[in-house]
Amino acid sequence: MRNQQKLSVAIVGAGIGGLAVAAALRKYFIEPVIYEQADAFARVGAGIQQSPNAVKVHRWLGIEERTRAAAFVPTSSLNRDALSGKVTNDHPLGRAVEARYGAPYLTMHRGDLHDALAAIVPAHNIRLGKKLTQLCERGARVALSFADGSEVEADAVIGADGVHSLVRDHVAGPAQARFTGRLAYRTTFPVSLLRGVDIGTARTKWWGKDRHIVIYFVTARRDEVYFTTSQPEKADWMTRESWSTTGDLGEMRAAFASFHSDVQKVLAAAPQVHKWGIYERDPLPAWSKGNVVLLGDACHPMTPYMASGAAMALEDAAVLARAIDEADTFDAAFRLYEQTRKPRASLVQAGSSANNWMRTDTNPDWLYGYDASRVPLRSKLAADASTYYES
Ligand SMILES: Cc1cc2nc3c(=O)[nH]c(=O)nc-3n(C[C@H](O)[C@H](O)[C@H](O)COP(=O)(O)OP(=O)(O)OC[C@H]3O[C@@H](n4cnc5c(N)ncnc54)[C@H](O)[C@@H]3O)c2cc1C
């Protein structure tokens, strides 16, 4: 839709995917408006891994310098047995991964990634305190209603409103995301609290029988450490609030009492912890309806076991903006986008669900080698979900 800059595009949600797609559309001279329910952006305590495929989107959006300056570059993806400490796979990251894929593997604070994206979307493109309550088609346009009683219309709507997406209900019909029966404890805290305990320079995953923990630095200065766990939860414990529900330190330490002493020391040092229910959905039959389309967790929420949810949201953002630029109508753009992205996102959803990524020798070429800024936009469904790889 080149040269149609007057098109109005509303984005619901200013998370990783919403900000990224806003910045991407602005590259094509479309000025979208993001509607975000939160009144302000907060630096919630969570780490995030950005594999080379994600960093290629940082580069395309113009934030790579900033994210590289903030992030830690782990030397390897180290996988260890939780009881014996035996190494099951030590996959090189650092220089090796950058040489192979043309972009680094970063571990960083989610807040630093969010800040970097927010910095490239001007304030006049963002409306805070706007909780979407309803969507309806009005002729060729879409009307959005908000909790504060206000209403706007747009030519197209992008649902980037996360795992409990309301926009998804409009596109696919109402259905709860599936609680996996597992929950995660996670926190970031100053390295000084470790009192000399060495966590090494890898991103380390300790694999137990039915639970695991991942530990890594989230800053270039190595002054902040992050861990996230996953373990079964007997009680029917669920929360819709993903990021800020507090967990009990004693319960968490007890759940990992059988783990290697290196893990126990890290858990002992944590001053507080958040807990978070792990949800997933099966792939949706269609990613759009009329002029409403989904991306990121709203479209294909996944368990975090391949550390790829944000990477998929970033890739979606780049491909969706390119498709909108290239196609003549939103309908055609959304089909192009879905055809390009669905095989890959579904593959990552399934791989995340299986929770065996990197546990033993793994070839990540198909995941890390993808470049969403250059992948050919498909005009028919891709038979090969492994997509586009350039060495
Ligand atoms: C503990 C944890 C660890 C993770 N680790 C990694 C990792 O290492 N690497 C990785 O790539 N991914 C990781 N992920 C996944 C990643 O964080 C998500 O996949 C990613 O944030 C999805 O981005 P999104 O924009 O789709 O959704 P979100 O970032 O969740 O953003 C959704 C936004 O929509 C807003 N919103 C929701 N409803 C409404 C409404 N009705 N009206 C207006 N606004 C609304 C929300 O407030 C929020 O700002 C992890 C996730 C978790 C929870």
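**Exercise 1.** Does Lys130 count as buried or exposed?

*Solution.* The model is predicted, so local features require pLDDT of at least 70 and side-chain atom pairs count only at pLDDT 80 or more, whereas totals for chains, interfaces and linings use all residues. Residues are numbered from 1 along each chain as its sequence is written, and side-chain values use heavy atoms, with hydrogens and water left out.

Step 1. Buried means under 20% relative accessible area, exposed over 50%, and partly exposed in between (1.4 Å probe, protein chains only). Lys130 has a relative accessibility of 18% and therefore counts as buried.

Step 2. Lys130 is located in the loop between β7 (126-127) and β8 (132-138); helices (H or I, at least four residues) and strands (E, at least two) are DSSP runs numbered from the N terminus.

Step 3. Contact means heavy atoms within 4.5 Å. With residues up to four places away in sequence not counted, Lys130 touches Tyr35, Glu36, Gln37, Phe146, Asp148 and Ser150.

Step 4. The side chains of Lys130 and Ser150 make a polar contact at 2.8 Å. Such a contact is a pair of N or O atoms within 3.5 Å; within protein, one must be able to donate a hydrogen and the other to accept it, and residues adjacent in sequence count only if both atoms are side-chain atoms.

**Exercise 2.** Which residues have the most contacts inside the largest nonpolar core?

*Solution.* Step 1. A nonpolar core is a set of buried Ala, Val, Leu, Ile, Met, Phe, Trp, Tyr and Cys residues joined through side-chain atoms within 4.5 Å. In soluble globular proteins, nonpolar side chains tend to be buried together.

Step 1. The largest core has 90 residues, and those with the most contacts inside it are Leu25, Leu117, Leu144, Ile158, Leu320 and Ile324. Helix α9 (residues 309-326) contributes the largest share, eleven residues.

Step 2. A second, separate core has 23 residues, among them Ile199, Ile215, Phe227 and Ala270.

Step 3. Not counting residues up to four places away in sequence, Leu320 touches Val21, Ile158, Val293, Leu295, Phe334 and Tyr337.

**Exercise 3.** How many residues surround the ligand, and which are the closest?

*Solution.* Step 1. A residue is near a molecule if one of its heavy atoms lies within 4 Å of it. The ligand is surrounded by 31 residues, the closest being Gly17, Glu36, Gln49, Arg110 and Ala307.

Step 1. A polar backbone atom of Gly17 is 2.7 Å from an oxygen atom of the ligand. For Leu132, a backbone N or O atom lies 2.9 Å from a ligand nitrogen atom; for Asp297, a backbone N or O atom lies 2.8 Å from a ligand oxygen atom.

Step 2. Taken alone, the ligand exposes 1000 Å², of which the protein buries 90%; accessible areas come from the Shrake-Rupley method with a 1.4 Å probe, and for residues only the protein chains shown count as cover.

Step 3. The elements giving two or more residues to the shell around the ligand are α1, β3 (47-50) and α9.
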